[in-house]
Amino acid sequence: MRVTFLGTGSAMPTGERFQTGVLVQEDGRTLLIDCGSGVLHRLQQSGVGYEAVSTVLLTHHHLDHVSDLLPLMKARWLAGEDHLEIVGPRGTKGLVDGLLEVHEYMQGKLELQVREVVAGEFSVGGFDVEAYETRHSLRCLAYRFGDRFTFSGDSEAFAGLANFADGSAILLHDCSFPDDVDVSNHPTPSQLGAELADVELGRVYLTHLYPHTDGRHAEMRDSVTAHYDGDVRFAEDLQTVSIE
């Protein structure tokens, strides 16, 4: 399995990190998780391209996770691709319908398959996935791919999510702000470290980084590892991790 971090930023641009997008590939299968602003460009820079993405799995519907969804539809249509599957939590069909109401000329350009999922197991894009509801300001799902890869989506750090990820070779987890920022719906490094303290993970990558984190990675990593003694790193745009 190859996991590529297409976008590791947030709703506030840094100039270097685009908004959320994660590419999962294995044995000819390709799945895009989330499609925030800049992800379409990162797909091209990754060498994979939007033509190869026929399935998108959404964690939730905040703008920084879906804003390139309609541009992806248009790019695929212009490239001669004829379909796209969009899977996500409840409300995903309403989201897609709303986008197409605003941009009527895109209606009927692609064969769209929209599916809504809840916490539990399901298959998408040829992958077997387990979903878990997170703690965010909007309904959001974390996704786990067997014992190899777990993506938190947006969420506070809490024991249920840590236990959901337990045993994963790679955990990509929201860590939006340093410890001195008073925030809800996202974790600080100390909060994340405390919740991960009792679980076993191969490696943790921190993502969804706001500009507040610039220049503070060392102290943030120290805050996590003060509680959690595993391998903690910062995710970077276009970084690819191979998982056996």
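## Helix packing and buried sites in a predicted chain

P189 is found in helix α6, which covers residues 189-196. The model is predicted. At 0% relative accessibility, P189 counts as buried. Leaving aside neighbours within four places in sequence, P189 is in contact with C175, F177, P178, D179, M220, S223 and V224. The C-alpha atoms of P189 and R221 are separated by 7.1 Å. Along the chain, these two residues are 32 residues apart.

**The pair α6 and α7**

Helix α7 covers residues 217-225. How do α6 and α7 pack? Their axes are 7 Å apart, at an angle of about 30 degrees. Angles under 35 degrees count as roughly parallel, and α6 and α7 are therefore roughly parallel to each other. The crossing of α6 and α7 is right-handed.

From α6, the residues P189, S190 and G193 take part; they meet M220, S223 and V224 in α7. By class, this contact of α6 with α7 has 3 nonpolar, 3 polar and no charged residues. P189 also has M220, S223 and V224 among its own contacts.

The loop between β11 (170-174) and α6 holds N185. N185 is not a glycine, yet has a positive phi of about 75 degrees.

**The pair α3 and α4**

Helix α3 spans residues 69-78, and helix α4 spans residues 92-102. Their axes come within 10 Å. They cross at roughly 65 degrees. That makes α3 roughly perpendicular to α4. The crossing of α3 and α4 is right-handed.

Which residues of α3 and α4 meet? From α3 come L69, L70 and M73; from α4 come L95, V96, L99 and L100. The residues of this contact divide into 7 nonpolar, no polar and no charged.

Within α3, the residues L69, L70, L72, M73, A75 and R76 are buried. L69, L70 and M73 also meet α4. An α-helix has 3.6 residues a turn, so residues three or four places apart point the same way. G80 follows α3 and has a positive phi, near 90 degrees.

| Helix pair | Axis separation | Angle |
|---|---|---|
| α3 and α4 | within 10 Å | roughly 65 degrees |
| α6 and α7 | 7 Å | about 30 degrees |

**Around the end of β12**

T207 has its place in strand β12, residues 203-207. Is T207 buried or exposed? T207 is buried, with a relative accessible area of 5%. Not counting residues up to four places away in sequence, T207 touches G7, T8, F151, L172, H173, D174, C175, S176 and A235. C175 is also among the contacts of P189.

H208 lies in the loop between β12 and α7. H208 is buried too, with a relative accessible area of 3%. H208 is not a glycine, but its phi is positive, about 60 degrees.

A131 lies in strand β8, residues 127-133. A131 is buried, at a relative accessible area of 2%. What does A131 touch? Not counting residues up to four places away in sequence, A131 touches V118, A119, G120, F122, L141, A142, Y143 and F164. D82 lies elsewhere: the C-alpha atoms of A131 and D82 are separated by 28 Å. Along the chain, A131 and D82 are 49 residues apart.

**The chain as a whole**

How many helices and strands does the chain have? There are 7 helices and 14 strands. The C-alpha trace spans about 55 × 35 × 30 Å along its principal axes. With 244 residues, a compact globule would have a radius of gyration near 18 Å. The chain has 17 Å, which agrees.

Of the 244 residues, 52% count as buried. Contacts between residues at least 6 apart in sequence were also sorted by separation: 62% of them join residues at least 24 apart.

Terms used: Residues numbered from 1 in each chain as written. Predicted model: local features only at pLDDT ≥ 70, side-chain atom pairs only at ≥ 80, totals over all residues. Heavy atoms only, no water. Axes fitted to C-alpha atoms, helices over the stretch in contact; angles between N-to-C directions. Helix = DSSP H or I, 4+ residues; strand = E, 2+ residues; numbered from the N terminus. Parallel < 35°, antiparallel > 145°, perpendicular 65-115°, else oblique. Left-handed = near helix turned anticlockwise from the far one by under 90°. Contact = heavy atoms within 4.5 Å. Nonpolar A, V, L, I, M, F, W, Y, C, P; charged D, E, K, R; others polar. Rg over C-alpha atoms; globule rule 2.2 N^0.38 Å. Buried < 20%, exposed > 50% of the residue type's maximum accessible area, 1.4 Å probe, protein only.
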